[in-house]
Amino acid sequence: FPPCPPAKNPDFPTAQLTGFMQIDTGWFEQDDANKAVLGDIQNGADFRRARLAAVGEVWENVGYMLEMDFAAGGRPSFMDVWFEIKNDEAGNVRIGQFRQPFGMDGQTSIKDISFLERGLPFAFLPFRQIGMMYYGNSEVEDTTWAVSGFRFPTDPFGGNIGDSGGYGGAARLTRLLIDHGDDGVVHVGAGYVYIDPANDFVQYQNQPEFFVSETGGSGLVPQGVPNNVPPFVDTGAMPTEHVNLINAEFGASAGPLHTQAEVFYSMLSRLNGSSVTFNGAYAQAGYVLTGESRAYNRKAGVFGRVVPDNPFGRSGIGAWEVAARWSYIDLNDEDIQGGRLNDTTLGLNWYLNKFTKVQFNYIHAFLNSSSATYGPIVKDSDADIIAIRGQVDF
Amino acid sequence: FPPCPPAKNPDFPTAQLTGFMQIDTGWFEQDDANKAVLGDIQNGADFRRARLAAVGEVWENVGYMLEMDFAAGGRPSFMDVWFEIKNDEAGNVRIGQFRQPFGMDGQTSIKDISFLERGLPFAFLPFRQIGMMYYGNSEVEDTTWAVSGFRFPTDPFGGNIGDSGGYGGAARLTRLLIDHGDDGVVHVGAGYVYIDPANDFVQYQNQPEFFVSETGGSGLVPQGVPNNVPPFVDTGAMPTEHVNLINAEFGASAGPLHTQAEVFYSMLSRLNGSSVTFNGAYAQAGYVLTGESRAYNRKAGVFGRVVPDNPFGRSGIGAWEVAARWSYIDLNDEDIQGGRLNDTTLGLNWYLNKFTKVQFNYIHAFLNSSSATYGPIVKDSDADIIAIRGQVDF
Amino acid sequence: FPPCPPAKNPDFPTAQLTGFMQIDTGWFEQDDANKAVLGDIQNGADFRRARLAAVGEVWENVGYMLEMDFAAGGRPSFMDVWFEIKNDEAGNVRIGQFRQPFGMDGQTSIKDISFLERGLPFAFLPFRQIGMMYYGNSEVEDTTWAVSGFRFPTDPFGGNIGDSGGYGGAARLTRLLIDHGDDGVVHVGAGYVYIDPANDFVQYQNQPEFFVSETGGSGLVPQGVPNNVPPFVDTGAMPTEHVNLINAEFGASAGPLHTQAEVFYSMLSRLNGSSVTFNGAYAQAGYVLTGESRAYNRKAGVFGRVVPDNPFGRSGIGAWEVAARWSYIDLNDEDIQGGRLNDTTLGLNWYLNKFTKVQFNYIHAFLNSSSATYGPIVKDSDADIIAIRGQVDF
């Protein structure tokens with residue numbers, strides 16, 4: 001009998017099919033003032049994200065990802081579409097569209113966050129833009145660093161044009177102050193972004209950390225209601241020379257407990273010469289009732305996902321987690337009166353297995369709309385949201 | 001020599017790339033009355049469906065499908081996008097967008113039907129909507145059952161909103177009265193659907209079981225002709241409180257012969273208080289000249305596909321089948337005069353192998369347009385259609 | 001110990017995930033006359049192509065491809081979407097949308113060409129249309145032949161309709177006059193296309209072999225500038241009875257040197273009875289500094305790609321190639337004054353490995369705009385373009 005042949009080395013290129021889906025349903029309860037400002041927001045169900053991607057390596061030192069989202073506005077919209085030349089010692093170079101290195105919440109995979117959406121100050125992030133990034137980490141992986149240059153604003157299909165401006169840069173540095181591995185860490189980080197927009201406009205807006213929409217055409221929407229959850233806060237388009245954006249990150253974990261907080265400041269130099277400053281922050285905590293911990297992703301400098309010890313089925317019940325967040329954004333300064341929004345969110349997460357979870361969120365949104373915009377009759381208003389998400393990733 | 005290692009268990013998640021394409025070409029011959037009612041329908045060629053999907057399991061008891069169609073109107077449109085928790089004994093729970101359990105023709109895979117399109121009463125089906133389904137079958141798989149709740153109407157991207165209404169439910173039960181396995185079966189089934197539409201409108205319409213369209217913009221269409229095969233019957237948008245829809249199914253096979261028939265009633269309670277009722281039916285038969293049988297899919301309660309014993313190539317000629325169908329829909333009741341359409345279709349199917357087929361259809365459409373809509377000058381009209389489809393699935 | 005089992009035959013269907021991405025960035029320098037004719041073209045970055053495809057076999061003699069481009073206008077647009085019945089001796093039959101057999105530049109994979117875009121006369125090609133092709137090659141693969149019929153013009157989603165006209169045919173024949181295999185070849189070829197357009201219009205236009213665009217909506221574009229690189233030459237829509245199009249091909253390689261040239265004539269019979277003729281040509285050469293040769297693809301009758309002997313990383317520097325092209329299109333005849341464009345391009349290509357390359361192009365475009373269109377004030381104008389592309393395919 002002949003011996004077994006050696007396992008064949010993987011040939012290049014490799015291409016793995018991967019993706020995920022998020023199926024959302026939600027209910028809105030607004031007070032009268034909130035309805036007067038924003039309209040009567042409708043309950044609904046929707047796919048928040050539905051992605052397919054090819055991920056792989058075309059050579060031992062060249063990797064790539066080509067990811068499309070079929071639920072986002074571009075239908076499909078370009079997500080992570082890049083290739084990179086890898087070098088553990090000298091650092092990696094990534095080219096294409098990717099998440100610009102800024103913000104712990106923004107760098108955390110949307111598949112792994114503890115709530116349905118990232119916190120309110122996410123509105124400030126450049127997030128995915130077309131450009132080039134140089135990044136790496138220290139040998140023991142307690143420090144990560146990244147710098148990038150990009151064109152701004154990149155459209156849903158990964159493009160941007162413009163002769164005067166249209167450029168930006170981002171940088172992020174993180175470090176573990178305490179490092180007990182899976183038993184617990186204390187993470188700090190900071191970031192900086194500079195943007196000179198191609199079209200000389202910047203606009204900040206955000207929805208209350210949950211939304212569903214009807215995108216199939218007006219014939220499918222009830223008469224006289226908004227077909228989307230409108231932005232609760234919105235600066236409108238601001239003629240802008242350039243933007244300086246900074247943030248600070250804190251994260252800590254200890255066994256089944258994890259916490260995270262960030263603060264953001266955005267300084268706009270406007271075309272008319274004057275400057276305005278906006279800010280935001282959030283703080284959150286989660287506790288896994290079944291005892292698992294939320295692992296720290298050392299290469300990315302963010303928290304990863306909860307993996308249940310006893311997956312649901314047969315005798316297991318999966319992992320169960322409770323979480324809470326306070327989140328804040330202030331878009332009022334001088335003549336810009338975009339509003340001020342506080343969100344408090346309570347979450348219950350059921351992890352059936354490593355790749356399946358169901359999330360329940362109760363969100364209370366305190367909106368302070370500027371009287372400059374809406375007149376004296378509308379100032380403070382409230383909305384309550386119940387939202388459920390089912391997610392699988394593969 | 002070491003022994004061979006045991007076959008490795010598949011790791012989770014699994015993701016199989018799958019899909020299919022349908023390439024259609026067709027010719028239309030209309031009498032003058034038909035042209036007067038519907039315009040001069042153009043011949044053409046088109047992709048009727050072109051789909052890519054990821055299908056797999058993220059755990060031993062959790063499966064998923066994420067399927068997009070690049071030829072349908074949303075380009076791409078959401079098709080089967082769901083995950084499910086599987087339990088052979090207690091029943092399976094599916095969450096996301098899927099074909100609501102109603103109708104034998106509707107539950108049969110479009111890759112496996114004997115003609116190019118489903119029969120005319122397909123217009124009544126809710127078909128793919130976003131929701132949750134509980135389903136299963138008896139241990140010997142001679143009975144299938146399914147109940148579901150969903151939001152309605154779901155748009156091409158899987159979403160729906162609305163505070164008053166926007167819900168529906170569906171149920172289907174099937175049973176084999178005679179069960180000789182592959183030698184032949186007799187199947188009966190029934191279904192029920194309730195719908196309270198989010199936008200308070202329901203519209204029924206259908207094309208004559210074949211269509212091609214020019215969707216690349218008006219510059220590519222000859223002047224003054226419709227850029228699509230228009231609906232032959234159409235109620236227009238009907239203000240609707242809720243809908244009750246019922247059907248009965250019959251199917252039987254014996255060796256190379258298979259038959260199938262369904263009847264449908266739709267009862268609309270309108271916003272103005274009055275009710276209208278529409279109905280439809282079809283009956284069809286197929287005979288495989290080369291002797292193969294059309295297997296019954298016991299888990300889904302529908303007929304599957306013809307698999308040739310001698311695939312085309314070398315000495316084989318594949319499998320050849322003849323098929324015929326009569327199909328009917330009546331959208332006239334009271335002040336709604338959507339028309340009445342009878343289709344008779346003759347089909348010749350060439351199965352080259354298990355995954356490749358070429359289909360030839362001759363369709364004669366008898367249209368009875370209401371004189372209330374088109375005046376006394378147009379009443380009965382006819383159209384003849386020759387259509388060819390090439391299909392591969394993988 | 002039991003013997004190792006025989007390697008399992010691949011089961012059908014097979015489906016391989018494949019694709020590629022091209023990330024472009026470019027800078028434009030126009031003289032005043034060029035700006036007056038075309039506007040102030042903006043610098044930018046963009047994905048020129050981003051494709052995912054399933055490729056495989058559903059039977060030993062039936063193959064298929066289902067490819068979508070997420071960067072092209074249809075977003076996604078249908079690319080190669082076909083299946084084929086293969087027979088090495090009798091010839092292969094392909095059905096669906098594919099590149100019609102005409103032109104050496106057009107038949108060369110866009111992943112393998114020496115510059116960023118094909119030469120200017122590419123504007124004449126029918127390229128991808130929906131139809132049927134019969135093709136093959138001689139046993140020693142020194143001759144390729146192909147004939148096809150198709151519908152025209154096929155839209156981005158693979159469809160076309162029209163009763164009078166809407167058909168076309170194409171044919172290509174190539175032969176190696178000298179055949180030293182990898183050491184060098186001399187290739188000649190010729191092609192013919194006949195088109196009777198469905199909509200009775202034909203339009204020829206082209207950009208200067210590079211473009212970036214902003215396709216995310218007007219809010220992302222600087223005010224008052226074109227959001228795309230406009231066509232430098234453009235006939236406008238010409239009412240057309242039918243088109244006769246011919247070309248001749250020449251290619252030769254010797255070690256690290258490769259050359260290629262083509263000439264094209266397009267004769268339009270217009271609806272008003274008169275005829276117009278347009279023409280174009282290009283000639284190009286490339287030399288691989290690191291000594292590799294550009295292999296000839298014997299089955300397709302085109303040149304393939306440069307594969308580096310020493311891929312980049314560790315000690316290797318990949319392969320480096322210099323290339324130059326002159327390219328020409330004349331769209332002036334009688335009352336049609338679409339302009340005349342000469343492009344000279346210098347290229348530097350860095351092949352990191354078989355599947356990764358970075359390309360640098362300097363393009364000088366000499367535009368002769370017709371005084372009939374733009375008046376005596378604008379006649380000759382120039383634009384210089386620097387363009388960089390990163391590409392991986394998998």
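View 1. Turn chain B by 120°, shift it 0.0 Å along the axis, and chain B can be laid on chain A with an RMSD of 0.0 Å (the superposition is by least squares on the C-alpha atoms of residues with pLDDT of at least 70 in both copies). The two copies are thus related as by a three-fold rotation axis. The copies use different surfaces, for 13% of the contact residues of chain B recur in chain A (contact means heavy atoms within 4.5 Å). This is a predicted model, in which local features need pLDDT of at least 70 and side-chain atom pairs count only at pLDDT 80 or more, while totals for chains, interfaces and linings use all residues. Residues are numbered from 1 along each chain as its sequence is written, chains are lettered from A and ligands numbered from 1 in the order in which they are written, and side-chain values use heavy atoms, with hydrogens and water left out.

**View 2. Where chain A meets chain C.** Here 48 residues from chain A and 50 residues from chain C make the contact. About 3,700 Å² is buried between chain A and chain C, and carbon and sulfur atoms give 73% of that area (buried area is the accessible area, with a 1.4 Å probe, that two parts lose on being put together, summed over both). Look in chain A for A:Phe83, A:Ile161 and A:Asp163, which lose the most area to chain C, together 18% of what that side buries.

**View 3. A salt bridge between chain A and chain C.** The rule finds 1 salt bridge across this interface (a side-chain nitrogen of Lys or Arg within 4 Å of a carboxyl oxygen of Asp or Glu). The partners are C:Arg314 and A:Glu60, whose closest N and O atoms are 3.2 Å apart. The side of chain A that touches chain C has 33 nonpolar, 10 polar and 5 charged residues (Ala, Val, Leu, Ile, Met, Phe, Trp, Tyr, Cys and Pro count as nonpolar, Asp, Glu, Lys and Arg as charged, and the others, Gly among them, as polar).

**View 4. Strands that pair between chain A and chain C.** β8(A) pairs with strand β2 (residues 44-59) of chain C in the antiparallel sense over 2 bridges (strands are DSSP runs of E, at least two residues, numbered from the N terminus; two of them pair if DSSP finds at least two bridges between them). Find A:Ile161, and you can trace its bridge partner in β2(C), C:Gly44.

**View 5. The contact of chain B with chain A.** Now 47 residues of chain B touch 50 residues of chain A. Chain B and chain A bury about 3,700 Å² between them, with 73% of it on carbon and sulfur atoms. A salt bridge joins the side chains of A:Arg314 and B:Glu60 (3.1 Å, N to O). By class, the side of chain B that touches chain A has 32 nonpolar, 10 polar and 5 charged residues. β2(A) and β8(B) pair in the antiparallel sense over 2 bridges, and here the bridge partner of A:Gly44 is B:Ile161.

**View 6. Strand β22 and its partners inside chain B.** Strand β1 (residues 16-30) and strand β22 (residues 380-393) of chain B run antiparallel and are joined by 11 bridges. B:Phe28 has B:Ile385 as its bridge partner in β22(B). Strand β21 (residues 356-368) of chain B also runs antiparallel to β22(B), and 13 bridges join them. In this pair, B:Phe360 stands opposite B:Ile388.

Conventions: Helix = DSSP H or I, 4+ residues; strand = E, 2+ residues; numbered from the N terminus.
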